[in-house]
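Please look at the sequence and the structure before reading on.

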Amino acid sequence: MILQELVRYYERKAADPDPARRLPSYGLEDKEIPFIIELSPSGEIVQLHDTRASDGKRLRARSFLVPQGAKKAYRVAANLLWDTVEYVLGIDTRGNPKRVAEQHAAFRHRLWDLPESAQQDAGLRAVKSFLRLNDGDLSAGPDLTPLQRDPCWAELLELNPLVTFRLSGDLDLVCQRPVVAGAISDAGSASDEPVIFCLVEGRDAPLERLHPAIKGVWDALSVGANVVSFNRDAFNSYGKSQGGNAPVGQRAAFAYTTALNHLLDKAPRNRVQIGDASTVFWADRPSRFDSEFTLADFFGEPKKDDPDRNTRAVQALYRSLQSGIPSVEELDTQFFVLGLSPNAARLSVRFW
């Protein structure tokens, strides 16, 4: 029931006509990326762009639509065309050169795995030239001399931030160029996982063995935690491990985790903290409580930039009683409230 309603919420938000409110399509995610390496068509560094801007007392990076990140935990797994400095540039920032070498090799190999249709794209060729991959030599590394002269070089070494690429003259990232994005989408549609009967969507689909992590729950692991996971033999039924115990299709897993991460976002409109439970809420259709007001306006802390918002929300509710005009457009609109608390690498459902 919980996952089904989250999938329905995702489908509604993914079809939103407003790009600013639309959730990303299958296989993509919004990610804050602090630095963009601009490359010439021949793969030379043109400049390093810092996307960060002041957000109160701290700098916040601009958000970009990129291929969905790999689930890493503590294993080596590279994202496609974006990742940390260690993965992308092969720079050891934490005194573990052997692991960094493995990370950088994994990042480079992911470029080789892209379909042939993308290999001739000018943007991808520029990235491969920068990484010295076009000649097939996987042992050579990129020329980092221009970056070492950049004022942000010290921050790259200290913070190990996320970086990605843009071809000089483009507005989009390399991973957003039409040919590359199309190839990524086609590759994402193919799966080596077995076809199962998805318990969420009620149809056959490739199994999602490791569900994407849920982030934003207070006091949970910084890398995220899971609503659905099995990591010990004692939890396995009939020899089925990991996601095979509670079979969910890949698209359904993407949809419910994308929706839940959106509801738990850092700048929330649909969440409040109740004790140790990070609590999110949504409606089953567009309503005033999805746009004009949310339950956070009734029960959350007053916002510094609009301290009277809570008061206006309560006034609107009581005026609906006085006027006889419902505050919700449809009287049969359903509202959902979900409370989550951390439990090691998992999330406990406190109430629903």
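Leucine 156 touches Phe35, Leu48, Val85, Thr93, Pro161 and Val163, leaving aside residues up to four places away in sequence; contact means heavy atoms within 4.5 Å. This model is predicted, and local features need pLDDT of at least 70, side-chain atom pairs count only at pLDDT 80 or more, and totals for chains, interfaces and linings use all residues. Residues are numbered from 1 along each chain as its sequence is written, and side-chain values use heavy atoms, with hydrogens and water left out.

Leucine 156 belongs to helix H7 (residues 153-159). Helices (H or I, at least four residues) and strands (E, at least two) are DSSP runs numbered from the N terminus. Although leucine 156 and threonine 93 are 63 residues apart along the chain, their C-alpha atoms are separated by 8.4 Å.

Buried means under 20%, exposed over 50%, and partly exposed in between (1.4 Å probe, protein chains only).

| Residue | Relative accessible area | Class |
|---|---|---|
| Leucine 156 | 1% | buried |
| Cysteine 175 | 5% | buried |
| Cysteine 198 | 0% | buried |

A disulfide is a pair of cysteine sulfur atoms within 2.5 Å; by this rule the model has zero disulfides.

Four strands make up an open sheet with mixed pairing, in the order E3-E2-E8-E7. Two strands pair if DSSP finds at least two bridges between them. Strand E3 (45-50) and strand E7 (82-84) are the edge strands, each pairing on one side only. E7 runs antiparallel to strand E8 (residues 162-167), and three bridges join them. Within this pairing, aspartate 83 has valine 163 in E8 as its bridge partner.

A hairpin is formed by E11 and E12, with two residues between them; glycine 275 in the turn has a positive phi of about 65 degrees. Strand E11 (residues 271-274) and strand E12 (residues 277-283) run antiparallel and are joined by four bridges. Valine 272 stands opposite threonine 279 in E12.

How are two packed helices described? The description uses the angle between their axes and the distance between the axes. Axes are lines fitted to C-alpha atoms, for helices over the stretch in contact, and angles run from 0 to 180 degrees between N-to-C directions. Helix H1 (residues 2-14) packs against helix H9 (residues 250-263) at an angle of about 80 degrees, with the axes 8 Å apart. H1 and H9 are therefore roughly perpendicular to each other, a term for angles of 65 to 115 degrees.

How values were computed. Angles under 35 degrees count as roughly parallel, over 145 as roughly antiparallel, 65 to 115 as roughly perpendicular and the rest as oblique.
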